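Here is a friendly walk through one model, with the sequence and structure close at hand.

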Amino acid sequence: MKNQIQNLKQKKLNEISDIIELMVMEDMDTKRKTFLYDRGLYTMPSYEVSTDVPSKLPRMSKDLPKNRIGLSKWLFDKKNPLTARVFVNRIWQMHFGKGLTSTTDDLGSQGALPNYPELLDWLSVQFINSGWNIKQLHKLILLSETYQQSSKNSDRIMAQDPENNLLARGPYFRMSAEMIRDNALSISGLLVDKVGGKSVYPYQPDGLWDLSDKVWKYQYKHDKGEGLYRRSLYTFWKRSSPPPSMLIFDTPNRDACSVKRTLTSTPLQALVLLNDPQYIEVARVLAENILIQKSNNIQTALEIAFRKVIGRKPLTSELKSITNFYKDELTRFRLKPNNTLAYLKIGEKPLNKKINPYRTAAMAKVISGLLNTSEAIMIR
């Protein structure tokens with residue numbers, strides 16, 4: 001009998017194990033009364049309040065129910081400009097480093113006034129009329145003359161508009177942590193552009209999750225294969241132990257919502273770009289790809305590497321500098337073959353043995369140095 005019960009329980013578990021359970025919410029049949037309390041004291045209710053939107057904002061249509069469904073429809077009502085303005089301002093911040101209203105997280109009475117209110121209104125109307133088409137909004141901003149103008153500064157602009165509130169020049173600011181990593185993977189050809197799927201575990205320092213004193217603590221083990229090269233969006237995020245390389249590049253922790261990041265420049269960021277296995281592997285793979293194509297012309301190979309990383313052609317002086325650096329590194333690696341092999345073995349991507357390892361290592365060092373320049377991690 002005992003075995004039969006156990007078998008039946010196991011059969012039941014096998015039947016329901018693949019069913020995904022979700023928590024849902026619903027309104028109470030009889031609404032509970034809600035009061036405004038005097039000085040917030042629950043023992044001193046003053047008067048009863050009802051469900052509604054703030055009186056300073058457009059009223060809810062009478063045919064909308066006063067519940068979550070009604071609120072969601074009111075948020076996207078054409079008569080309500082708030083949602084479109086907030087979203088447009090955040091998209092503008094994404095492309096220019098700061099929004100048309102600098103206080104992206106506060107468009108209320110305590111927030112800053114927009115520098116160009118008519119532009120914010122116009123973009124909001126265009127966004128609503130497009131059917132809330134986000135791609136079209138991105139395209140509208142990126143194809144504008146304001147965005148496409150040069151980001152070079154001048155004494156006149158610095159004197160009159162140091163914060164670029166008047167948009168006298170193009171945007172110039174550092175990429176986010178996710179963009180820096182994804183950009184590096186993309187230029188090397190390692191980026192996996194697969195959409196959707198489970199979270200992934202890229203390279204992280206050894207013992208990352210060993211700080212916990214719990215007996216059942218998990219060991220962090222990085223993925224193999226494509227999991228190492230997925231977009232940063234899919235990186236597994238443990239709230240009590242977030243990815244250190246992300247934090248160093250100012251990714252906020254997820255204890256609270258953050259719509260505006262503080263961008264800093266610290267020595268730790270340079271150490272990440274020079275020593276993190278992800279970036280060392282990127283440099284080596286990109287070096288292999290370039291040398292396979294231009295192995296007989298190192299000058300051309302260096303120009304391609306510069307354009308891939310920096311996004312422009314190198315100046316004569318810059319090309320001369322990286323050429324000399326390449327020669328110095330080539331000599332150093334040839335003198336220390338064991339160090340060369342140890343350097344090239346960093347990362348899970350197999351080494352291309354068809355290419356001279358010393359040349360690969362030297363070219364990888366050049367690319368690693370280029371990845372650590374301000375131009376490589378700046379949007380301009």
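## Helices H11 and H12

In H11, the residues Leu-286, Ile-290, Leu-291 and Lys-294 meet a set from H12, made up of Ile-298, Thr-300, Ala-301, Ile-304, Ala-305, Lys-308 and Val-309. Sorted by class, the contact of H11 with H12 holds eight nonpolar, one polar and two charged residues. Please keep in mind that this is a predicted model.

Two packed helices are described by the angle between their axes and the distance between the axes. Here helix H11 covers residues 277–294 and helix H12 covers residues 298–310, and the two pack at an angle of about 140 degrees with their axes 9 Å apart. Angles over 145 degrees count as roughly antiparallel, so H11 is oblique to H12. The crossing of H11 and H12 is right-handed.

## Helices H3 and H5

Another pair worth a look is helix H3 (residues 82–96) with helix H5 (residues 134–142), whose axes come within 11 Å and cross at roughly 50 degrees. H3 and H5 are therefore oblique to each other, and their crossing is right-handed.

Which residues of H3 and H5 meet? From H3 come Phe-87, Val-88, Ile-91, Trp-92, Met-94, His-95 and Phe-96, while H5 brings Ile-134, Leu-137, His-138, Ile-141 and Leu-142. The residues of the contact of H3 with H5 divide into 10 nonpolar, two polar and no charged.

## Helix H1

Is helix H1 largely buried or in the open? Of the 15 residues of H1, the number buried is zero, so H1 lies largely in the open.

The length of H1 (residues 2–16) can be checked too: at 1.5 Å a residue, its 15 residues should span 21 Å, and the end C-alpha atoms are 22 Å apart, which agrees.

Beyond H1 we come to Asp-27, placed in the loop between H1 and strand E1 (34–37). With 42% relative accessibility, Asp-27 counts as partly exposed, because that value falls between the cut-offs of 20% for buried and 50% for exposed.

What does Asp-27 touch, leaving aside its neighbours within four places in sequence? The residues in contact with Asp-27 are Asn-67 and Arg-68. Arg-68 is 41 residues from Asp-27 along the chain, yet their C-alpha atoms are separated by 9.1 Å.

## Gly-70 in helix H2

Gly-70 sits in helix H2 (residues 68–75). Its relative accessibility is 0%, so Gly-70 counts as buried.

Not counting residues up to four places away in sequence, Gly-70 touches Met-60, Leu-64 and Pro-65. As for Pro-81, 11 residues from Gly-70 along the chain, the C-alpha atoms of the two are separated by 16 Å.

The loop between helix H7 (155–160) and strand E3 (173–174) is where Asn-164 is found. Asn-164 has a positive phi of about 60 degrees, although it is not a glycine. With a relative accessibility of 9%, Asn-164 counts as buried.

Leu-167 is also placed in the loop between H7 and E3. For Leu-167, phi is positive at about 60 degrees, and this residue is not a glycine either. The relative accessibility of Leu-167 is 16%, and Leu-167 counts as buried because the cut-off for buried is under 20%.

How values were computed. Residues are numbered from 1 along each chain as its sequence is written. This is a predicted model: local features need pLDDT of at least 70, side-chain atom pairs count only at pLDDT 80 or more; totals for chains, interfaces and linings use all residues. Side-chain values use heavy atoms; hydrogens and water are left out. Helices (H or I, at least four residues) and strands (E, at least two) are DSSP runs, numbered from the N terminus. Buried means under 20% relative accessible area, exposed over 50%, partly exposed in between (1.4 Å probe, protein chains only). Axes are lines fitted to C-alpha atoms, for helices over the stretch in contact, and angles run from 0 to 180 degrees between N-to-C directions. Angles under 35 degrees count as roughly parallel, over 145 as roughly antiparallel, 65 to 115 as roughly perpendicular and the rest as oblique. A crossing is left-handed if the near helix is turned anticlockwise from the far one by less than a right angle, and right-handed if clockwise. Contact means heavy atoms within 4.5 Å. Ala, Val, Leu, Ile, Met, Phe, Trp, Tyr, Cys and Pro count as nonpolar, Asp, Glu, Lys and Arg as charged, and the others, Gly among them, as polar. The expected span of a helix is 1.5 Å times one less than its number of residues.
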